[in-house]
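Student: Hey, can we go through this one together? I'd like to start with the aromatic rings.

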Amino acid sequence: MLSTREIKQRIRSITSIKQITRAMEMVAASRLKRVEFRVIASRTYTEKMHQVLSRLISCRPPEISHPLFTDEGHKAGNVKIVLITGDKGLCGAYNNNIIKKTVEFIRENASKKVKLILLGKKGNIYFSKGNFVYAKERYIPEPVEKFGYNKVQTLAAQLVAGYEEGEFGELHIFFTKFNTVMQSFPTSIRLLPLEKDMFDLKGKSVGEYIIEPSADQILEHLFPKYIETQLYQCILESLTSEFAARRVAMIAATENAGEMIDELTRSYNKARQEAITKELLEVISGAEALIQG
Amino acid sequence: MAKTFKFEIVTPEKVVYSDSVQSISADGTEGAFGVLADHAPLITELRTSILTVNDANNKTVQFALDGGFLEVIANNVIVLTDACVAEGEVNVEKTRADKESAEKTLSSGGSAEEKEKAQVNLKRANTWLKLVNK
């Protein structure tokens with residue numbers, strides 16, 4: 001049994017923890033709101049880009065000879081992964097889930113040479129030690145939140161160039177897809193090589209287009225752009241999921257702290273009551289002893 | 001009133017413009033062109049240039065685009081571009097600074113890659129400024 005003083009001290013410290021978690025929750029909420037706007041805007045762009053690309057492909061001959069569509073001449077065993085994690089913890093299982101998914105992929109593809117490009121400090125910490133150090137290629141030491149579109153362009157250009165040179169045969173992105181604040185999914189997509197099925201219009205043909213200058217020339221610019229937008233979209237999805245996860249975790253922490261305070265207050269009152277009873281008993285029995293004596 | 005069609009400008013950051021309009025005129029890589037309602041399906045690449053919109057109320061609105069693509073399909077016109085600003089949104093000081101730093105890079109000589117990037121930045125800054133000065 002703790003003494004009343006010790007219990008009081010505990011209550012005090014938990015109250016200050018509760019204040020901190022509540023503040024963190026509010027910070028996460030406001031950041032979430034900001035990034036949610038961005039993810040929605042970017043989703044529109046990505047979808048429209050996908051539609052335009054699909055329609056453009058549908059009115060071309062079925063064979064596409066673009067280098068991003070083939071893995072011929074590539075080192076087929078080399079797989080490149082862009083892993084997007086958070087920079088900070090205290091966001092529930094957000095970082096763990098996506099890292100776990102990546103580790104599973106590396107295990108399943110043990111025969112291939114998997115190389116990781118890490119965005120987000122947490123991923124870097126995990127893959128800088130332990131069993132999978134060999135998979136780390138490089139870490140992008142940039143806060144995920146500050147990784148704007150122009151930086152994505154640079155990264156995408158490097159990846160596309162690397163792919164075209166045949167340095168690796170597949171490009172995957174591991175990120176966390178945002179659905180609602182309570183729900184997000186660790187997800188992986190294969191970005192390269194592109195597949196024709198990805199742009200299937202499902203029979204909704206659009207007829208003839210006037211294409212200027214020419215389909216091939218536009219595709220030449222549109223494909224790398226498509227990779228860029230996909231990458232950017234994945235980063236934003238992850239960022240939104242992170243803030244959502246942090247918000248949920250902090251709400252839970254605040255609630256738990258509240259419950260703990262209630263419980264401690266109860267045992268504090270109990271202890272106090274007990275102490276009073278004990279003292280009373282002592283006084284009464286002392287008095288009785290005097291009378292009898 | 002002239003027939004209208006739906007026109008949108010979308011960047012990765014936001015939907016810049018979405019409204020019914022009467023006509024637009026844009027600068028494609030193959031030359032300037034205009035779009036009215038019932039235009040044939042078209043896909044084209046755009047230059048870093050100024051795009052003029054004549055909206056449903058016959059008001060003219062201008063935007064500066066950083067390249068991009070334009071698609072016309074069934075009276076829906078979409079412009080996909082990396083960046084786009086409206087007349088009132090140009091940050092003149094910052095654009096001037098961008099322009100200067102791009103010019104510096106070009107004159108001081110760096111790697112071909114850096115120069116290429118500077119060239120793109122310079123072109124964009126010039127277009128942005130053109131939009132404000134008219």
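Tutor: Rings of Phe, Tyr and Trp (for Trp, the six-membered ring) count as a pair if their centres lie within 6.5 Å. With that in hand, B:Phe7, B:Tyr17 and B:Phe63 form one aromatic cluster. Keep in mind that this is a predicted model.

Student: OK, and how many aromatic pairs does the structure hold over all chains?

Tutor: Seven aromatic pairs. Take A:Phe105 and A:Phe174: their ring centres are 5.4 Å apart and the planes sit at 65°, so this pair is edge-to-face.

Student: Where in the chain do A:Phe105 and A:Phe174 come from?

Tutor: From distant parts of chain A.

Student: Is A:Phe105 buried or exposed? And what about A:Phe174?

Tutor: The cut-off for buried is under 20% relative accessible area. A:Phe105 has 15%, so it is buried, and A:Phe174 has 1%, so that one is buried too.

Student: What kind of pair do A:Phe132 and A:Tyr134 make?

Tutor: A tilted one, because the planes are at 45°, with the centres 6.3 Å apart. A:Phe132 is buried at 9% relative accessibility, whereas A:Tyr134 is exposed at 52%.

Student: Switching topic: how many residues does helix H4 of chain A have?

Tutor: Helix H4 (residues 149-164) of chain A has 16 residues. From the first C-alpha to the last it reaches 22 Å, close to the 22 Å expected at 1.5 Å a residue.

Student: Which residues in H4(A) are buried?

Tutor: A:Tyr149, A:Val152, A:Leu155, A:Ala156, A:Leu159, A:Val160, A:Gly162 and A:Tyr163. They cover an arc of only 160° around the axis, which means they sit on the same side of H4(A).

Student: And what comes just after H4(A)?

Tutor: There you find A:Gly166, which takes a positive phi of about 85°.

Student: I also clicked on A:Ser238. Where does it lie?

Tutor: A:Ser238 is in helix H5 (residues 215-292) of chain A, and it is buried, with a relative accessible area of 0%.

Student: So what is A:Ser238 in contact with?

Tutor: If we leave aside neighbours within four places in sequence, A:Ser238 touches A:Ile84, A:Tyr94, A:Phe175 and A:Thr176. For A:Thr176, the backbone nitrogen lies 3.1 Å from a polar atom of the A:Ser238 side chain.

Student: Now chain B. How many helices and strands does it have?

Tutor: Two helices and nine strands. Along the sequence, the pattern is β-β-β-β-β-β-β-β-β-α-α. The C-alpha atoms fill a box of roughly 55 × 25 × 25 Å along the principal axes, and buried residues make up 45% of the 134 residues in chain B.

Student: What is the mean pLDDT of chain B?

Tutor: The mean is 87, and 99% of the residues in chain B reach 70 or more.

Student: Last one: is B:Lys130 buried or exposed?

Tutor: B:Lys130 is exposed, at 54% relative accessibility. You'll find it in helix H2 (residues 112-133) of chain B. The C-alpha atoms of B:Lys130 and B:Ile24 are separated by 18 Å, and the two residues are 106 residues apart along the chain.

Definitions and conventions: Residues numbered from 1 in each chain as written. Chains lettered and ligands numbered in written order. Predicted model: local features only at pLDDT ≥ 70, side-chain atom pairs only at ≥ 80, totals over all residues. Heavy atoms only, no water. Phe/Tyr/Trp six-rings, centres within 6.5 Å; stacked < 30°, edge-to-face > 60°. Helix = DSSP H or I, 4+ residues; strand = E, 2+ residues; numbered from the N terminus. Buried < 20%, exposed > 50% of the residue type's maximum accessible area, 1.4 Å probe, protein only. Expected span 1.5 Å × (residues − 1). Arc of directions from axis to C-beta. Polar contact = N/O pair within 3.5 Å; in protein donor to acceptor, adjacent residues only side chain to side chain. Contact = heavy atoms within 4.5 Å. pLDDT = per-residue confidence, 0-100.
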